[in-house]
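Student: I would like to learn how to read a structure, one feature at a time. Can we start as soon as it is on screen?

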Amino acid sequence: MLKKKFVVALGLGMGTLIIAASAACGGSARRADVTGGQPDVVVDVSLKDLRYTPNTVEVAAGKTVQVNVTNMDGMDHDMVVDGLRIEKVGEGEATGGHHAGVTPSTFIVHTMANENGSITFRTEQKGTYQFYCSLPGHKDAGMVGEMTVS
Ligand SMILES: [Cu+2]
């Protein structure tokens, strides 16, 4: 196989969100070289009644993907992708331009009730990964989904 499975991450952005991402490249390489703002692919995900719609997302490896998340629930939600390895594009943490030294970046995006946002990223890692909401009880309640990078 080309590469081990690793995940792609979705980014949910929100007006008021907390993106916890382990920075790549030691923070000094934050030159947003990239195409910030012109994604190759756009994916829309809605959060409502403790569910992601759609709950299966497919993105293309090596492309700039923008995930737009709309939280229609009256409670906070987040989206977590374990094992995810991405390069964020734009938003001040882009590491595009020098793949070689990019460190795996994991992210968690916390979306506030009835808010929405987006994130743009890129990944080279093909595979299928689970994403879920880490708020107490949400995952068990069915707030899970699957992302495939092909
Ligand atoms: Cu949730």
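Student: Which residue is the bridge partner of Lys48 in E3?

Tutor: Labels come before the answer. Strands (E, at least two residues) and helices (H or I, at least four) are DSSP runs, numbered from the N terminus. Two strands pair if DSSP finds at least two bridges between them. Here, Lys48 has Arg51 as its bridge partner in E3. E2 and strand E3 (residues 51–53) pair in the antiparallel sense over 3 bridges. Together E2 and E3 form a hairpin, with 2 residues between them.

Student: What should I know about the model and its numbering?

Tutor: The model is predicted: local features need pLDDT of at least 70, side-chain atom pairs count only at pLDDT 80 or more, and totals for chains, interfaces and linings use all residues. Residues are numbered from 1 along each chain as its sequence is written.

Student: How many helices and strands does the chain have?

Tutor: The chain has 0 helices and 11 strands.

Student: What is the strand order in the open sheet of 5 strands?

Tutor: The order is E3-E2-E5-E9-E7, and the pairing is mixed. E3 and strand E7 (87–88) stand at the edges with a single partner strand each, so one side of each has no neighbour in the sheet. Now walk across. Strand E2 (residues 41–48) and strand E5 (residues 64–71) pair in the parallel sense over 7 bridges. Val45 has Val69 as its bridge partner in E5. E7 and E9 run antiparallel, joined by 2 bridges. There, Lys88 stands opposite Phe121 in E9.

Student: How much of the chain is buried?

Tutor: Count neighbours. A residue is buried if 20 or more other C-beta atoms lie within 10 Å of its own, exposed if 12 or fewer, and partly exposed in between; C-beta atoms are placed from the backbone. Of the 150 residues here, 41% count as buried. Leu50 is partly exposed because 17 other C-beta atoms lie within 10 Å.

Student: Which residues have the most contacts inside the largest nonpolar core?

Tutor: A nonpolar core is a set of buried Ala, Val, Leu, Ile, Met, Phe, Trp, Tyr and Cys residues joined through C-beta atoms within 7 Å. The largest has 22 residues, and Val81, Phe131 and Met147 have the most contacts inside it. Elements giving two or more residues to this core include E2, E5 and strand E11 (144–149).

Student: Where is Ala61, and what is it in contact with?

Tutor: Two residues are in contact if their C-beta atoms, placed from the backbone, lie within 7 Å. Ala61 is in the loop between E4 and E5. Leaving aside neighbours within four places in sequence, its contacts include Thr123, Lys126 and Val149. Ala61 and Val149 are 88 residues apart along the chain, yet their C-alpha atoms are separated by 5.7 Å.
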